[in-house]
Every structure is written in C-alpha cells, then in structure tokens.
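The following account leads the reader through a structure, beginning with a single helix and then turning to the chain and its contact with a partner.

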Amino acid sequence: MLAYVGRRVLLAVFTVWAISVLSFAIIQLPPGDYVTSYIAQMASSGSVVTEEEAQNLRIQYGLGQPIYVQYLKWMKLVVRGDFGQSMEWKRPVIEVIGDRLWLTVVISVAALILTWVLALPIGIYSAVRQYSPGDYLATFVGFIGLAVPNFLLALVLLYLGFVLFNAHIGGLFTPELQDAPWSAARAWDLAKHLPIPALILGLAGTAQQVRIMRANLLDELRKPYVVTARSKGLSELRVILKYPVRMALNPFASTIGYTLPYIVSGSIIVSLVLGLPTVGPLLLKALIAQDMFLAGTIVLLLGVMTVIGTLLSDILLVWIDPRIRIEET
Amino acid sequence: MATEPLLSVRNLKTYFAQDEGTVRAVDGVSFDMAQGVTLGIVGESGCGKSITARSILRIVDRPGKILEGEIHFRRPPKNGGMPQTVDLARLDPNGSEMRAIRGAEIALIFQEPMSSFSPVHTIGNQIIEAILLHQPVTRREARAQTIEILRRVGVSSPEERVDQLSNQLSGGLRQRAMIAMALSCKPTLLIADEPTTALDVTTQTQILELMRQLQREDGMAIMLITHDLGVIAEMATDVAVMYLGRVVEQAPVDAIFHDPKHPYTRALLTSIPRIRSRTRERLTPIAGAVPHPYDRPAGCPFHPRCANFMPGKCDREAPALRPVADHHAVSCFLYE
Amino acid sequence: MDARIFVASQWQLMWWRFRKHKVALVSAVVVIGFYTIVLGADFLAYADPDASEAQRSLMPPQRVHFFDGGRFAPYVHGVKGVRDPQTFKRVYRPDPSRKVPIRFFAEGAPYHFLGVFPATRHLIGVDGGGDAAQAIFLLGTDVQGRDLWSRLMYGTRISLTIGLFGVTLSLILGVFLGGLSGFYGGVTDTLIQRTIEILRSIPTIPLWMGLAAAMPREWTILQVYFAITIIISLLGWTELARVVRGRFLAMREEDFVVSARLVGCTRTRTIFVHMVPSFMSHIIAATTLALPAMIVSETALSFLGLGLRPPAISWGVLLQQAQNVQTVAISPWLMLPAVPVIVVVMAFNFLGDGLRDAADPYGH
C-alpha cells in the first residue's frame with residue numbers, strides 16, 4: 001500500500017510542476033513584459049515609477065533573462081507566498097482572491113460528495129430493478145445530465161426559477177451576508193444555498209457514474225458467487241450489497257479520481273452563470289483585462305487544489321479497501 | 001425409516017418468458033426422494049436439470065417463474081416436535097420460511113468452486129456467515145464450527161485456511177470448502193450440481209468418496225446432477241433421466257444400466273465408449289441434435305431423434321411418466 | 001442467416017449490428033440533418049445574419065399562421081413602426097391587420113452555394129425585399145435586431161465545423177501518440193501514459209480560458225477559428241490515445257499480428273495493413289463520442305467571450321446574449337441556441353454508443 005501511495009504522490013508532484021509551467025506560460029503569453037505594463041498602469045493613474053524602482057522590479061522578476069530563469073524566480077516567489085500584484089485591483093493577488101478559492105473548493109467538494117452519494121444507490125437500484133419505471137426515470141435524468149452542458153443547465157434552471165418561482169437561485173449567500181465575516185449564520189446560509197449549484201455541477205458526473213455502476217453491477221449479478229450467496233439463505237438485500245456491489249465498486253472507485261478536475265473545471269463557467277462568488281468570474285475578468293498575475297495564480301492554485309483533492313480521495317479509497325488497489329494494478 | 005418421501009416433486013413447470021418466445025426449461029417434472037438416498041439426475045446440457053435444482057430452492061433467476069407444480073419437502077422436526085411437510089412452490093422465495101430452509105435444510109453445491117466463492121471474502125467469512133444465519137451461536141463458536149467442518153471434509157490446516165481467499169486454494173480444496181459450507185448447518189438434502197465436472201479425475205474420485213462418507217455419517221439425501229454416467233454408476237441409488245425439461249425415465253440405478261426402457265436412455269448408454277471395445281470401433285452418437293429451446297417439437301420431445309418413432313402418435317401428444325415395473329417409470333408410448 | 005454471416009465482411013457485420021439500435025439510427029439521421037444545415041446554411045437562412053436594426057431589437061418569434069381562410073397559405077403578421085409610449089423611441093411591433101404571406105423558394109439575398117454556385121433562392125422568404133416592415137422573424141430577433149433564425153443557421157455551420165476540425169486534430173494526435181505507446185511499450189509507453197494522466201488531472205477549462213485569452217485581439221476571425229480548434233483539440237486527444245493504445249496492446253499478442261511479422265512484414269506494413277483496419281471501427285466510435293465535447297468546449301469559450309467573437313457567429317456567440325438572467329426573463333427566445341447544442345450532443349452520444357456496440361458487442 002505504501003508503494004501505491006508513494007507512486008500517487010510522485011505523480012502528483014509532477015502534475016503540480018506541469019501546472020506551474022502551464023500557469024507561467026499563461027502569465028507570459030500576452031505581448032509585452034510585466035514591468036512595462038505596470039509602468040503604464042501606474043502612469044495612467046498618475047503615479048510615477050522611478051527608473052530605479054523599475055530596475056529593481058526587473059531584477060526581482062528576472063525580466064530580460066532566459067525564460068527558465070524567470071520561471072525559477074517566479075517559483076521562488078510563489079513558494080514564499082508572494083503571488084505578485086494584481087494590476088487591475090492594485091492589490092496583492094492573494095488578497096484579491098481571498099475567500100473565493102475556498103468557496104470554489106467547497107462547491108467542488110460538495111458536488112463530488114453529491115456525485116458519490118447519488119450515483120451509488122441509483123446505480124444499484126437501476127441494475128437490480130432493470131427495466132422498471134425507476135430504472136427508466138434514472139436513465140432519463142441521466143441523459144439530461146450527460147447531454148446538457150452544465151452551464152446551459154444552470155441558465156435554464158435560473159430562468160425557470162425566475163419565471164416560475166420568482167426566486168433567484170443563483171448566488172451562494174443572501175445579499176446581506178455576502179461580504180460579512182465568517183460566522184455560524186454565514187456558514188448555514190452557505191449550506192442552504194449549496195444544493196442547487198452542487199447538483200448542477202455534479203449532475204453530469206453522477207450520470208456518468210450511474211451508468212458505470214449499473215453496467216458493472218449487471219455484469220456481476222450474473223456471476224455464480226451471487227447464486228451461492230443466495231443459496232445459503234441470505235436475504236436478497238444482503239446478497240446484493242455484500243457481494244456483487246462490493247465487486248462492482250472496484251472499477252467504480254477508480255473512476256472517481258478523475259471527477260474532481262471535471263467538476264472544478266465546470267464550476268468556473270457555472271459560477272459565471274449563477275453569479276457565485278468563486279474563482280470563476282474573477283478568472284474571466286482577469287483574463288479579459290489581461291491581469292496576468294491574477295489569472296496565472298488562479299490557474300496555478302486551482303490546479304494544485306485539484307491535484308491535492310484527487311490525491312486525498314485516492315488515498316482515502318485505498319485506505320478504505322486495499323483490494324481496490326489490487327484490482328487497479 | 002420414514003415412509004413419507006423427503007422430497008416429492010409433482011409436475012413442476014418453470015418457464016422463462018423471453019422476447020423471442022417462452023423457454024419451457026422444466027416442463028412437468030415429477031419424482032420422489034426418500035430420506036438418505038442418492039438420486040442421480042442425468043441428462044444433456046440444457047435439459048433442465050440445473051433449473052430443477054434452482055426451482056426447488058426457489059432461486060430461479062428472472063425472468064424464470066414456476067408456473068405450476070408442487071414441491072413437497074419434509075422439514076426435520078424442531079425441538080422435539082413433529083416433522084412438517086411444506087410445499088416450497090407456494091412459499092415466498094425471499095420470505096423467512098424459505099430462507100430458513102435454504103442453506104440449512106436444503107443445501108446446494110456448484111460446479112465451479114472458483115467462481116462460486118466470492119473472490120474478496122475469505123472462505124471462513126463465507127462459511128461463518130452461513131452458520132450465523134441459521135444457528136443461534138456466537139461468532140467465536142461459528143468460527144470453531146467452521147474449522148471443525150473444514151477438517152472433516154479433509155481440508156488440511158483448517159485454522160489457516162479459514163482466513164484465506166478462495167484463489168489461494170487448489171480446485172479440489174475449493175470444492176471441499178464448498179461442501180463444508182453446504183454441510184455447515186447439517187442439511188437433510190444436499191443438491192450437488194455437477195460437483196466434479198470441473199475437477200481432474202483423481203480429485204473427482206476423492207470428492208465423490210468424501211460425499212459418500214459424509215452421507216453415511218449424517219444420513220442426508222443427495223440429489224446428484226450430472227451428465228456423467230460414470231459418476232451416476234458410482235454414486236446413485238436411484239436415477240432420473242431428463243430430456244428437454246421432462247423426466248423420461250426413473251428407476252433404481254441397476255435397472256437404468258441393465259434394463260433401460262426409454263429409447264433416449266438406451267441411446268445414451270450405447271454412446272458411452274467402452275474400455276473393452278475393439279480398436280477402431282465407431283462410437284454411436286445419438287442421431288440429430290438437441291432442438292432449439294424456442295423450437296420444441298410437438299408431442300414427445302425426443303421423437304425427432306428416436307429410433308422407435310411412431311408417426312401419428314409420438315408427434316401428437318407427449319407421453320406421461322408411468323410405472324412399468326417396481327420403482328421403474330418411463331414416459332414413452334412404447335409402454336402404454 | 002448463418003451462411004450470410006460467414007461471408008460478410010467486418011463492415012457488413014458492423015452495419016447489421018448497428019441497424020438493430022433504433023436510437024442510434026435515429027441519431028445518425030439527426031446528425032446527417034445537422035450537417036445538411038452546414039452545407040445549406042445560406043439556403044435555409046432568409047435574412048442577412050449581420051443586418052442589425054436597433055428598432056427591431058428583441059422582437060419575439062412571430063406566430064406562423066398556416067391557414068388563410070381555409071387554404072394552406074402560411075403567413076405572419078406584419079410589423080409596423082410605432083412610437084413606444086414610454087421611451088418615445090420608434091420601435092417595431094406586430095401589426096395584426098396586415099398579413100405577410102410566406103413564400104417557399106423565394107428570391108432573397110444572393111449567395112454562393114457551397115462557395116461556388118451563385119444563387120438567390122432561399123427556402124422561405126417574403127415579398128417586399130428589404131422593407132423592414134415586411135419581414136419575417138421565425139425565432140425573433142436579438143438585442144441588435146438581427147434575425148435569430150438566420151443567425152442560427154450560420155452559427156450551426158461554424159459550430160459543427162469547428163468541432164469536426166478539432167476532433168480531426170485530436171484524432172491525429174491521439175492515434176499517433178496512442179499508437180506509439182501501445183506498439184512500442186516500455187519507456188515510450190510509460191512516458192506518454194504519465195503525460196496523459198497528468199493532463200487528465202488538471203482542470204481543463206481554466207487552461208483553455210488562459211490560452212484563449214492569450215490570443216491577440218487583432219487576429220482575424222479565421223485565425224481565431226483555427227486557434228480555437230487547436231486549443232480544444234490539445235486536451236481532447238487523451239481519450240482517443242487511450243482507446244488506440246488499448247487496442248494496440250490487445251492486438252499485439254493476437255495470432256494474426258504475430259504471423260504477419262513471422263511471414264516477414266515490416267513493422268510499418270504490419271501496423272498499417274494488418275492492425276489498423278481491425279480497430280478502425282473502434283476509432284470511429286471513439287471519435288464520434290469525442291465530438292460533442294469539442295462542440296461544447298467551443299460553445300463554452302465563445303459563451304464566455306473568449307472564443308469566437310462577433311461578427312463571427314456560432315452557438316456560443318449567440319448564447320452570449322443570454323448570459324444575463326434579466327435579459328433572458330424578458331426574451332427567453334434568446335436561449336433557443338441551447339436547443340441544437342443539446343440535441344447534437346445527445347445525437348452524437350447515442351450514435352457513438354451505437355457504433356461502439358456495433359464495433360465490439362462484448363464491451364471494451
């Protein structure tokens with residue numbers, strides 16, 4: 001088991017490195033270098049950057065030197081927690097991001113948990129009661145989940161909520177608590193607003209997992225050991241849950257690992273549509289305004305959070321049942 | 001010895017309703033089993049022997065259903081009471097009475113011990129589960145019982161084996177473990193569905209010997225389902241020959257081998273290669289092939305392949321199973 | 001039936017199996033229908049998709065009346081210019097007193113069919129040429145007064161072709177890398193596999209957004225179009241590579257491959273003449289399943305404003321107008337471009353499933 005965990009950690013490290021390179025690429029892509037734009041920005045607001053300050057900035061960010069040197073300098077700063085300055089907001093990037101990153105994590109995790117919690121029982125039910133009305137309903141809802149892109153689903157639900165219930169289902173907080181400091185009331189408010197965004201985000205993943213679980217379980221249900229279990233006199237429920245579900249869980253569990261990046265990805269656009277105070281809308285504004293340090297940092301942090309989340313879920317699954325790891329190798 | 005049979009099946013019909021048609025897997029099967037005997041059920045693949053076993057235990061997979069028939073089973077007396085006979089066909093398959101019988105009073109062992117055990121649970125776990133399900137004992141007592149029964153069936157080092165997975169045991173050991181699991185609650189009837197088909201010949205002999213020994217010790221009845229006439233000759237006291245869902249002949253084992261009456265039984269026996277036959281002697285297969293389940297012949301199911309086919313009779317109605325001699329019944333118009 | 005199977009080629013077998021899936025067949029028809037729109041967008045549209053007129057802003061879809069006094073003569077109500085009592089601006093409102101007959105195969109703005117043949121006939125149209133008061137708006141107009149139906153036709157063309165190009169690029173990348181991985185194994189395989197795993201662990205949309213935002217504003221629509229194609233294909237190749245690699249691995253040990261090598265075929269010949277045809281069907285299925293993701297990616301990027309931009313028209317660009325729930329609440333027809341997106345995604349998914357089952361009915 002240690003070997004497995006070790007491999008996953010190593011892979012995670014490489015992935016984080018790859019993300020950092022890609023984020024850096026994003027920062028570098030727009031034409032012109034950072035300091036020139038910074039000077040221009042400062043100038044437009046009336047402040048002046050002295051030649052000396054400009055030089056210092058250049059040295060600090062390693063501009064004018066080969067690209068990998070710049071990358072290393074940036075990494076050194078990042079590791080120290082200095083993510084640079086947001087040009088648009090004129091504040092350190094990390095301040096601008098603030099709560100939003102955590103909220104992104106909260107929604108993503110909520111969607112992920114919802115996926116697990118929903119997909120498993122629905123998948124089992126669909127397989128055991130194949131062709132029943134419940135099965136067809138689950139399949140139908142599943143198709144909606146797979147066919148409708150999440151941001152369109154959000155749009156339609158917003159519209160329906162507005163028109164049918166005169167309710168605004170977007171947003172994670174009621175307006176009064178939006179910028180308030182954290183408290184139990186705010187946490188509860190968040191929890192009340194979570195289900196709909198979590199559902200929208202997780203629906204496609206749930207539909208996918210239901211299909212997988214259903215297919216796996218249908219395969220397992222036909223196998224001899226299920227008949228053996230039944231022939232011992234076990235009740236039908238116990239027969240199903242103890243034996244074929246356990247086996248069907250193996251491939252199911254290994255696909256969960258890749259759901260998190262998908263959900264985090266989806267949350268960007270869905271947040272935009274629903275107006276959620278997460279990282280998504282901020283990223284879009286940053287990209288349009290070419291506020292590159294903000295954008296690049298968001299991409300970096302999002303990627304790192306995702307990798308950590310995936311790693312944790314992998315380790316958790318292996319810890320729960322080492323046999324899952326045996327199946328995978 | 002009780003005069004009432006242990007198991008009495010009357011006109012059992014189990015059909016499978018598929019899109020393309022109805023498969024009449026068991027089409028009017030009747031036979032009796034007394035206490036302590038070994039009934040061999042013999043027939044080609046697809047003749048319905050396994051479905052008969054599953055019907056008795058009420059674990060037929062959907063879309064199969066028992067349409068008609070009775071399965072009278074004599075339950076052993078509880079707490080010094082009287083033995084009761086119950087019709088298994090009328091019970092709710094998932095109800096508590098049927099589940100109390102299944103696994104404890106009637107047990108089933110399968111052909112493929114490898115895939116018949118769950119690959120992710122230990123042998124011990126699966127046997128203990130059976131014990132705990134039917135007996136009011138603690139887990140520790142169940143574990144001790146498990147080790148005992150494993151020892152009894154000839155599994156070496158049972159204290160270690162009990163914690164192993166099924167893929168850590170050889171084929172023969174697995175089959176022994178499966179027998180242990182079936183016997184753990186001391187059933188009065190053991191149904192063995194092709195128990196030795198997947199084993200090599202030496203192991204086969206050992207397993208059969210084990211079954212005979214256990215039967216002597218416990219007095220249980222065995223329903224032995226197989227297509228191997230050699231196994232039947234060795235183990236059975238009575239034999240029922242099945243073809244396409246019906247019993248075509250039923251008799252004590254000697255009568256079946258030395259005085260077969262039904263044309264199918266005769267053809268089966270002639271088709272067995274003999275050790276004393278001359279070199280290069282041709283084998284005599286049974287003419288024709290088993291019909292497609294959706295394409296059953298009218299009348300007697302065997303008539304297209306029968307050497308004694310009587311046109312006008314055999315293709316109109318199906319013959320009933322009638323006694324022709326002492327304990328010997330045949331379903332053929334030749335004897336009516 | 002058995003005798004027929006004996007001599008049927010692999011493709012015939014696949015077709016027979018595919019035929020049994022009614023849903024997949026219907027989906028195939030739907031997909032063909034959509035690509036017909038791609039070819040005939042000019043014919044199917046009846047108005048200039050870029051002709052904006054502020055006074056026609058946000059008109060709801062007109063109701064088509066099919067019977068005029070008992071005869072089959074479809075018409076719509078005309079529009080007339082009135083002064084809005086609240087804003088005092090001149091706007092167009094439906095005028096029930098006037099009937100504008102719809103003509104089939106009417107004369108309209110000239111175009112080049114398939115880019116080559118000049119033509120002026122459109123599927124439907126109205127008399128009255130460019131008179132704004134005598135116009136038809138089947139699906140209403142957008143904020144700038146442009147006819148939504150015509151824009152949808154042209155948008156379909158762009159959205160579907162971008163998807164096609166994107167998936168082709170992914171296919172090339174996927175087959176190349178997946179093939180290398182599967183055929184050579186060893187270090188190459190491990191390297192490529194790890195790369196794929198890394199790419200799969202990264203949330204893709206932020207990356208796309210970043211790459212898309214990096215495109216200079218000055219680029220022409222065409223340059224943007226191709227850049228978007230490259231971007232969406234860069235992250236879509238992983239799935240195809242996996243399928244190809246899986247097939248190669250499975251086939252390497254197959255007898256027919258070993259015997260080809262024993263007979264003396266070169267590696268290249270073994271791959272292209274012997275191995276590739278046997279997994280073509282799987283590739284086709286996987287490609288069909290990868291298309292919807294491409295289309296949705298472009299739609300998403302354009303929806304955000306990072307992909308194609310006006311005056312280019314795609315489903316995503318059209319949906320940009322529907323970002324705001326207040327706007328949509330008043331003019332829900334602006335959400336209509338979502339419908340073809342959903343239909344196409346479903347159709348490709350069913351089609352791909354059907355193809356995959358037909359290629360390998362025992363599951364993969």
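**A buried helix and its surroundings**

In this predicted model, α14(A) is largely enclosed by the rest of the structure, because 16 of its 16 residues are buried. A residue qualifies as buried when 20 or more other C-beta atoms lie within 10 Å of its own.

The length of this helix can be checked against expectation. Helix α14 of chain A covers residues 259–274, and at 1.5 Å a residue its 16 residues should span 22 Å. The C-alpha atoms at its ends are 21 Å apart, which agrees with that value. Just after α14(A) comes A:Gly275, whose phi is positive, at about 70°.

Chain A has 329 residues, of which 42% count as buried. When contacts in chain A between residues at least 6 apart in sequence are considered, 73% of them join residues at least 24 apart.

Chain A also touches chain B, in a contact that takes 16 residues from chain A and 20 residues from chain B. On the side of chain B that touches chain A, α2 (96–101), α3 (113–116) and α4 (123–134) of chain B each supply at least two residues. Of the elements on that side, α4(B) gives the most, with 4 residues. By class, the side of chain B that touches chain A comprises 10 nonpolar, 6 polar and 4 charged residues.

How values were computed. Residues numbered from 1 in each chain as written. Chains lettered and ligands numbered in written order. Predicted model: local features only at pLDDT ≥ 70, side-chain atom pairs only at ≥ 80, totals over all residues. Buried ≥ 20, exposed ≤ 12 C-beta atoms within 10 Å, placed from the backbone. Contact = placed C-beta atoms within 7 Å. Nonpolar A, V, L, I, M, F, W, Y, C, P; charged D, E, K, R; others polar. Expected span 1.5 Å × (residues − 1).
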